[in-house]
Amino acid sequence: MPQSAKSIRDSQRNKVLAQSIKQLSELYKLSETIVRNTDLNKVYKVALSTIKKLLKVDKVSILLFDKDGVLKFKAWIGLSKNYRLAMKDHSHWGKDDKDLQPFLVPDVTQNSSLSYSKKILEDENIKSFAFFPLILKNSLIGKFVIYYKSPHIFSKAEVEFAQLVGRYINFVINRRKVSEDFLNGIADGVTMQDAS
């Protein structure tokens with residue numbers, strides 16, 4: 001007996017609800033990790049796992065500028081050492097750019113601006129990727145990148161979710177920076193005195 005239109009709608013609604021619950025659950029785990037950990041590497045690992053699981057990406061990475069202004073891989077899943085060395089310090093945006101938007105590449109074979117890195121992407125089996133800026137106090141501090149092994153059209157929901165996770169990562173980095181500044185300020189104000 002064929003399903004009624006109502007039961008098909010109910011089934012679709014239940015699938016959407018189940019997906020939303022899964023996303024909320026993963027974001028809750030990420031929030032819990034942020035609150036309980038001062039170790040950025042642990043937070044990066046959970047954030048990358050969350051992105052990989054919910055966006056069903058094949059590879060993912062976080063890159064941050066070091067004190068010398070070089071963009072370096074800080075955490076990654078699925079990327080080779082050769083790729084990380086070749087793509088170190090590569091960014092779609094300038095460090096002083098404002099109004100940074102995600103940079104989406106649905107199919108690397110169709111993007112002529114990638115001619116310099118086509119061989120590297122091909123060797124790494126990357127057919128699609130997206131850069132998401134990480135921003136602290138209105139300045140670019142790095143990016144996180146999602147990669148697919150086949151061409152991928154990025155939906156609005158995927159981009160919004162990735163940006164949300166980016167805000168979580170920004171929050172953790174900002175919290176860490178504020179804590180370090182506070183502790184450095186305390187250390188500057190501590191002096192040793194003798195009994196007199």
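How many of the 196 residues of the protein chain count as buried? The share is 37%, where buried means under 20% relative accessible area, exposed means over 50% and partly exposed lies in between (1.4 Å probe, protein chains only). Welcome to a predicted model, in which local features need pLDDT of at least 70 and side-chain atom pairs count only at pLDDT 80 or more, while totals for chains, interfaces and linings use all residues. Residues are numbered from 1 along each chain as its sequence is written, and side-chain values use heavy atoms, with hydrogens and water left out.

View 1. Helices (H or I, at least four residues) and strands (E, at least two) are DSSP runs, numbered from the N terminus. Contact here means heavy atoms within 4.5 Å. Among contacts between residues at least 6 apart in sequence, 58% join residues at least 24 apart.

**View 2. Five strands make an open sheet in the order 2-1-5-4-3.** The pairing is antiparallel, and two strands pair if DSSP finds at least two bridges between them. Strands of a sheet pair through backbone hydrogen bonds, either parallel or antiparallel. Which strands stand at the edges? They are strand 2 (71-77) and strand 3; each has a single partner strand, so one side of each is left without a neighbour in the sheet. On average, neighbouring strands are turned by 20° against each other, direction ignored. Helix 2 lies across strand 1, strand 2 and strand 5, and runs at about 60° to strand 2. For such angles, axes are lines fitted to C-alpha atoms, for helices over the stretch in contact, and angles run from 0 to 180 degrees between N-to-C directions.

**View 3. Strand 3 and strand 4 pair in the antiparallel sense over 3 bridges.** Look for phenylalanine 103, whose bridge partner in strand 4 is phenylalanine 131. Trp93, Phe103, Phe129 and Phe131 form one aromatic cluster. The charged end of lysine 143 sits over the ring of phenylalanine 131, 3.5 Å from its centre. A charge sits over a ring if NZ of Lys or CZ of Arg is within 6 Å of the ring centre and within 35 degrees of the ring normal.

**View 4. Two of the aromatic pairs come into focus here.** A search of the whole structure finds 8 aromatic pairs. Rings of Phe, Tyr and Trp (its six-membered ring) pair if their centres lie within 6.5 Å; planes under 30 degrees apart count as stacked, over 60 as edge-to-face and the rest as tilted. Phenylalanine 103 and phenylalanine 129 form a tilted pair, 6.4 Å centre to centre with 55° between the planes. This pair links distant parts of the chain, with phenylalanine 103 in strand 3 (residues 103-105) and phenylalanine 129 in strand 4 (residues 128-136), 26 residues apart. Phenylalanine 103 is buried because its relative accessible area is 16%, and phenylalanine 129 is buried because its value is 4%. The rings of tyrosine 148 and phenylalanine 154 have centres 5.8 Å apart and planes at 65°, so this pair is edge-to-face. Tyrosine 148 counts as buried at 6% relative accessibility, and phenylalanine 154 counts as buried at 12%.

**View 5. The largest nonpolar core has 29 residues.** A nonpolar core is a set of buried Ala, Val, Leu, Ile, Met, Phe, Trp, Tyr and Cys residues joined through side-chain atoms within 4.5 Å. Which members touch the most other members? They are Tyr44, Ile51, Leu55, Ile62, Phe144, Ile146 and Ile169. Helix 2, strand 1 (59-65), strand 4, strand 5 (139-148) and helix 5 (156-189) each supply at least two residues of this core, and the largest share, 8 residues, comes from helix 2. Not counting residues up to four places away in sequence, phenylalanine 144 has several contacts, including Ile51, Ile62, Phe131 and Ile169. A second, separate core of 20 residues includes Tyr83, Ile126, Phe129 and Leu140.

View 6. Lysine 45 lies in helix 2 (residues 40-55) and is exposed, with a relative accessible area of 59%. Lysine 118 lies in helix 4 (residues 118-123) and is partly exposed, with a relative accessible area of 29%. Lysine 118 touches Val108, Thr109 and Asn111, not counting residues up to four places away in sequence.
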